[in-house]
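User: Hello! I have just opened this model and would like a friendly tour. Could you take me through it step by step?

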Amino acid sequence: MSEDENSAVGEQPAQSRKKAAKRPPGAPSAKKSAKPESHLAMVRRARRINRELADVYPYAHPELDFRNPFELLVATVLSAQTTDLRVNQTTPALFARYPTPEDMAAAVPEELEEIIRPTGFFRAKARSLMGLSASLRDDFGGEVPGRLKDLVTLPGVGRKTANVVLGNAFGVPGITVDTHFGRLVRRWRWTDQEDPEKVEAEVAAIFPKSEWTMLSHRVVFHGRRVCHSRKPACGACPIAPLCPSYGEGETDPEKARKLLKYELGGYPGQRLSPPPDYPGRPAPPLGAG
Ligand code: SF4
C-alpha cells in the first residue's frame with residue numbers, strides 16, 4: 001500500500017458526506033438519482049465508466065518499474081506503506097546488487113536493509129525479501145511461480161501482491177484492490193463492501209475477466225490523479241456525469257484543475273522508466289527531486 005493510499009484512512013462513510021454540489025452538464029438529475037438505481041443500471045453505468053477511463057488513460061500501466069517477474073514481486077513487497085515513486089527510486093541499486101533470488105537469499109541482512117531503507121519498515125521488508133528469495137530458490141527452481149496458490153505461500157506475499165504479479169508479469173487477469181481501488185468503487189456505488197476480497201468478488205462480477213487487469217490500472221490511475229482521498233477534483237473529472245459522489249470534492253473547474261496530479265497536472269510520473277506511450281515525464285532518480 002502506498003503513502004498516498006494511506007491518506008484514505010479516516011474516510012467518512014457515505015451518509016455523513018456533505019451534500020452534493022450543483023451537477024455538471026449531463027449528470028443524472030437529483031430527482032433521477034433519488035430513485036434507487038437497479039443492479040442492471042449500475043452495471044451499465046460501471047461499464048461506461050470503464051470505457052471512459054480507457055479513453056482518458058489509454059496508457060494506464062503498473063506504476064512500479066520492473067524487467068521480470070522477480071523484480072515485480074520484490075518491488076510490490078517494497079511498496080507497502082510507501083509510494084511507488086520511492087520504490088522505483090530504490091530498486092535500481094537493489095537489483096544491481098542482487099539480480100536473482102539466489103543473490104538476494106544470500107544477502108548480508110544489514111547490507112540489504114541499508115539499500116531498501118528509503119522505503120521504510122526496512123527490517124521487516126528485508127526479512128520478507130530474503131525469505132521469499134530463499135523459497136523461490138529452494139521450492140520453485142529459482143523462478144517466480146505463475147499460480148496464486150503458490151505465490152501466497154511466499155513470505156510477505158498476500159493475495160493483493162500475488163494478483164499484481166499474476167496480472168502484470170504473467171498476463172493472468174486479476175483485480176487488484178488497493179486503497180484507491182476500494183475508495184473509488186465505493187464512491188461509484190459499485191459495491192459497499194469494505195473487505196478487499198469482497199470488493200474484488202463484487203467488482204469481478206460486473207466485468208468480463210479480460211477487463212480485470214486494465215480496469216485495475218485505470219481505476220488506480222484515476223484515484224491517484226483526480227479522485228483523491230481527501231480532495232477529489234470533481235470539477236475537472238471526466239467521468240463526473242456518471243458519478244453518484246460528484247460534489248464530494250472541489251467542483252470549481254479552475255480550483256479542481258490545480259488538484260490534478262502527475263501527467264494531468266504537468267508533473268513527473270512515478271516510474272523512472274515509464275512505458276513508451278506514457279505522455280508525462282519520467283520520475284527523477286533518488287535524491288534528484
Ligand atoms: S473526482 Fe468527484 S466526480 Fe470524479 S469520480 Fe471522484 S468523486 Fe466522482
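User: How many residues surround the ligand, and which are the closest?
Analyst: A word on the source comes before the tour: this is a predicted model, where local features need pLDDT of at least 70 and side-chain atom pairs count only at pLDDT 80 or more, while totals for chains, interfaces and linings use all residues. Residues are numbered from 1 along each chain as its sequence is written. A residue is near a molecule if its C-beta atom, placed from the backbone, lies within 6 Å of it. The shell holds 14 residues, and the closest are Cys227, Pro232, Cys234, Cys237 and Cys243.

User: How does that shell divide into nonpolar, polar and charged residues?
Analyst: Ala, Val, Leu, Ile, Met, Phe, Trp, Tyr, Cys and Pro count as nonpolar, Asp, Glu, Lys and Arg as charged, and the others, Gly among them, as polar. Sorted that way, the shell around the ligand has 10 nonpolar, 2 polar and 2 charged residues.

User: How many helices and strands does the chain have?
Analyst: Both are DSSP runs numbered from the N terminus: helices are H or I with at least four residues, strands are E with at least two. The chain has 15 helices and 0 strands.

User: What share of the chain counts as buried?
Analyst: A residue is buried if 20 or more other C-beta atoms (placed from the backbone) lie within 10 Å of its own, exposed if 12 or fewer, and partly exposed in between. Among the 289 residues of the chain, the buried share is 42%.

User: Is Glu111 buried or exposed?
Analyst: Glu111 is found in helix H7, residues 109-116. Within 10 Å there are 11 other C-beta atoms, so Glu111 is exposed.

User: Is Leu264 buried or exposed?
Analyst: Leu264 lies in helix H15. Setting aside residues up to four places away in sequence, Leu264 touches Arg225 and Val226, where contact means C-beta atoms, placed from the backbone, within 7 Å. With 21 other C-beta atoms within 10 Å, Leu264 is buried.

User: Why do the buried residues of H3 line one face of the helix?
Analyst: The buried residues of H3 (39-56) are Arg45, Ala46, Ile49 and Leu53. The arc used here is that of the directions from the helix axis to the C-beta atoms. Seen down the axis, the buried residues of H3 line one face because they fall within an arc of 105°.

User: Which exposed residues does H3 carry on the face turned away from its buried side?
Analyst: What covers the buried residues of H3 includes helix H13 (212-225). The face turned away from that buried side carries the exposed residues Leu40 and Asp55.

User: How many residues of H11 are buried?
Analyst: Among the buried residues of H11 are Thr179, His180 and Phe181. H11 is largely enclosed by the rest of the structure, because the number of its 9 residues that are buried is 8.

Technical notes. Expected span 1.5 Å × (residues − 1). Contact = placed C-beta atoms within 7 Å.
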